[in-house]
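Colleague: Please take me through the fold and the side-chain pairings of this protein chain.

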Amino acid sequence: GCSPPPPPPPLTFDAPMAFRWTKDFDENGILYFLGTNGGIKSWRNPQSLGKVRLFSSPVGFGKLEDLVGNQVVNLRTTNEPDSFFGVDLISRKIVLEGYCLRNRNSTSHVVMTWELQASNDDQVWITLDARDFALPGRSDGHRLRQGGATAYYEIIRRPEQEQVGYRLFRVIQRGKNSSGSFNLVLSGIEFYGLAVEGSFP
């Protein structure tokens, strides 16, 4: 008889699974991998598959599941300071090496200043990346200014920083958007890095 294939060896820091960015929202991202059951099925929203849980400050418009969707949509929080969108990988941990963001199909209310934070307990949040395109002279380099635009942001880890795997990630807006309000407007996120714990997919 046919015996089932042996389960893959557990992921560790010494034997991780690597997800490397080549272009924005490519097929190498962690959320794409989860949404396609490891690249073997047609893509479905990983939230609807139960692969991730999403969380946020109050949503003003759109569906939270669109944060991990593959379409340009209008998803935004209410007009409150420090608004955020987040993804919980549930039983999985990754060493984040970079992430992509996608703007909605509009040039207004573009996120200008944010932090990408990570946690394992939803209590202590570590800032892995901070961007401020609201500073004078900085906005010209902001690749999310166009409608539907995407951009990749690399996590710069100092040599003395140890690698840490995290389960929870959030984008928290610091300050106001390009239209002067506190609504955080995003139309997609994707993660890249090393999977070091849990089952993928």
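This is a predicted model: local features need pLDDT of at least 70, side-chain atom pairs count only at pLDDT 80 or more; totals for chains, interfaces and linings use all residues.

Modeller: Residues are numbered from 1 along each chain as its sequence is written, and side-chain values use heavy atoms, with hydrogens and water left out.

Colleague: How many helices and strands are there in the protein chain?

Modeller: Helices (H or I, at least four residues) and strands (E, at least two) are DSSP runs, numbered from the N terminus. Along the sequence the pattern reads β-α-β-β-β-β-β-β-β-β-β-β-β. The count is therefore 1 helix and 12 strands.

Colleague: What share of the 201 residues counts as buried?

Modeller: Buried means under 20% relative accessible area, exposed over 50%, and partly exposed in between (1.4 Å probe, protein chains only). For the 201 residues of the protein chain, the buried share is 44%.

Colleague: Which residue meets Asp-88 in a salt bridge?

Modeller: A salt bridge requires a side-chain nitrogen of Lys or Arg within 4 Å of a carboxyl oxygen of Asp or Glu. Asp-88 lies in strand β5 (residues 84-88) and counts as buried at 6% relative accessibility. The N to O distance is 2.7 Å, and Arg-53 belongs to the network of salt bridges that also links Asp-88 and Arg-167. The partner, 79 residues apart from Asp-88, is Arg-167.

Colleague: What is the angle between the planes of Phe-55 and Trp-125?

Modeller: Rings of Phe, Tyr and Trp (its six-membered ring) pair if their centres lie within 6.5 Å; planes under 30 degrees apart count as stacked, over 60 as edge-to-face and the rest as tilted. Phe-55 is buried at 19% relative accessibility, as is Trp-125 at 17%. Their centres are 6.1 Å apart, and the pair is tilted, with an angle of 45°.

Colleague: Over which ring does the charged end of Arg-143 sit?

Modeller: A charge sits over a ring if NZ of Lys or CZ of Arg is within 6 Å of the ring centre and within 35 degrees of the ring normal. For Arg-143 the distance to the centre is 5.5 Å. The ring is that of Tyr-153.
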